[in-house]
Amino acid sequence: MLLILEIILALIIAAIVVVAVYIYTQETEKVVFYLDKRSKAELVSETPEKICFNIELPYNNLGQDEGVFLDIYLRPYLCQEQYDGALLRGKINLKGKFRDDDYFECMLVPVGQANSLVMRMELTPLKAANAREALLGMPEVDVAVFVDMRGRGPLYRQKLLVTITNEELQAMLK
Amino acid sequence: MGYTIVTVPTRILTHKDNICDAILEFGKDKIGPKDVVCVAESVVAITQGRYKRSEDFHPTFLAKVLCHMFPSWGSLSNWYAMQSLMDAEGSGKVLLAFICGFLGKCVGKSGIFYKMAGEQARLIDDITGTMPPFDKCLVYGPANPAKVAEEITKATGSFGAAVADVNDLKRAAVLGVSAGVDPDLISQILIDNPFGNGSERTPICIIKDYKKD
């Protein structure tokens with residue numbers, strides 16, 4: 001009887017070890033954003049009241065498991081203390097699936113599927129005379145992109161910083 | 001098969017809607033006494049408030065372990081979906097189903113887990129499985145689908161009603177029907193997914209003249 005109990009106990013321990021090793025060695029998602037390969041600012045539209053431009057941000061899932069983008073949103077770090085000539089706002093979505101609203105639809109990120117996010121920035125003049133003047137006077141600005149993600153495991157957030165330089169904005173308007 | 005199906009577009013229905021009222025609001029003039037009203041199961045579940053966001057779950061150690069035993073494309077392959085199943089069906093039941101399912105697979109028999117773990121194991125839609133704004137939610141299967149079908153029949157004056165889970169992969173599961181409606185026949189009629197995908201916003205369809213004279 002004792003031997004049988006010992007065998008059962010050994011089998012349970014062995015099963016626990018096998019499961020633990022299996023989980024530990026299981027590949028996960030690994031979504032990488034290529035900040036250094038982002039596009040330069042590309043003009044979408046320009047009026048005296050507003051300038052819109054896009055920046056493409058490529059990414060890929062280099063892991064071995066599927067990931068999910070739950071939400072992606074951005075916040076430009078342009079404060080009035082630094083520059084009160086313009087108000088910079090933006091939204092972000094998948095390339096080719098841009099929406100008119102500010103919603104980001106949850107999406108799967110399959111293994112090895114490279115794609116791009118598109119940041120749509122909108123600049124409106126505050127103290128500057130018009131949008132062009134506001135944009136040309138704008139200093140270098142960081143835009144924080146927050147990516148809420150999930151794979152098999154816990155929810156987590158990646159924070160990316162996209163730096164928009166004054167030079168690229170000037171080049172965009174030429 | 002010789003049945004005409006009329007789709008009924010709606011606005012986005014939420015937990016503040018009553019499914020019977022919504023059917024009457026959008027499709028009353030299209031429903032006749034010989035017709036069967038069919039409703040997508042996820043929309044019934046949403047009107048019943050049976051959905052939750054990932055962040056509302058508190059995954060247990062067991063959920064964190066068991067989810068790893070399912071392929072990543074499955075609806076139970078992550079902490080939150082597995083926990084949602086355990087919340088709905090009970091952790092012990094899910095664990096027992098998993099052990100039996102594992103043993104079954106060892107002898108070449110599949111599907112045991114889904115038979116034993118309760119109907120929610122087949123019905124839970126993970127995030128991205130439903131249209132916005134519910135794309136960020138896990139959506140359970142509806143509660144009492146047969147009762148819902150009876151209520152729809154009574155409210156609309158139709159011959160009958162059905163609550164169905166249909167997708168574009170030629171899979172149609174009828175979860176509940178009212179009296180006199182054949183679920184197998186409904187399943188065959190709906191096989192081409194007349195509900196369409198979520199963005200078409202046609203969660204209701206009417207099978208015209210289901211009852212033959």
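**View 1. The open sheet of chain B.** In this predicted model, where local features need pLDDT of at least 70, side-chain atom pairs count only at pLDDT 80 or more and totals for chains, interfaces and linings use all residues, 5 strands of chain B form an open sheet with mixed pairing, in the order S1-S7-S2-S5-S6. Strands (E, at least two residues) and helices (H or I, at least four) are DSSP runs numbered from the N terminus, and two strands pair if DSSP finds at least two bridges between them. Strand S1 (4–8) and strand S6 (171–177) of chain B are the edge strands, each pairing on one side only. From one strand to the next, the twist averages 30°; angles run from 0 to 180 degrees between N-to-C directions, with axes fitted as lines to C-alpha atoms, for helices over the stretch in contact. Residues are numbered from 1 along each chain as its sequence is written, while chains are lettered from A and ligands numbered from 1 in the order in which they are written.

**View 2. Strands S2 and S7 of chain B, with two helices on the sheet.** Strand S2 (residues 36–40) and strand S7 (residues 204–208) of chain B run antiparallel and are joined by 4 bridges. Look for Val37(B), which stands opposite Ile206(B) in S7(B). Helix H1 (residues 19–27) of chain B packs on the sheet, touching S1, S2 and S7 of chain B, and its direction makes about 70° with that of S7(B). Helix H8 (residues 145–156) of chain B also packs on the sheet, touching S2, strand S5 (160–167) and S6 of chain B, with its direction at about 130° to that of S5(B).

**View 3. Helices H4 and H5 of chain B.** The axes of helix H4 (residues 79–89) and helix H5 (residues 91–106) of chain B cross at roughly 115° and come within 7 Å. Here Leu85(B), Met86(B) and Glu89(B) in H4(B) meet Ser91(B), Lys93(B) and Val94(B) in H5(B); residues are in contact if their C-beta atoms, placed from the backbone, lie within 7 Å. The contact of H4(B) with H5(B) involves 3 nonpolar, 1 polar and 2 charged residues. Ala, Val, Leu, Ile, Met, Phe, Trp, Tyr, Cys and Pro count as nonpolar, Asp, Glu, Lys and Arg as charged, and the others, Gly among them, as polar.

**View 4. Where chain B meets chain A.** Across this interface, 15 residues of chain B are in contact with 18 residues of chain A. The chain B side that touches chain A has 6 nonpolar, 6 polar and 3 charged residues.
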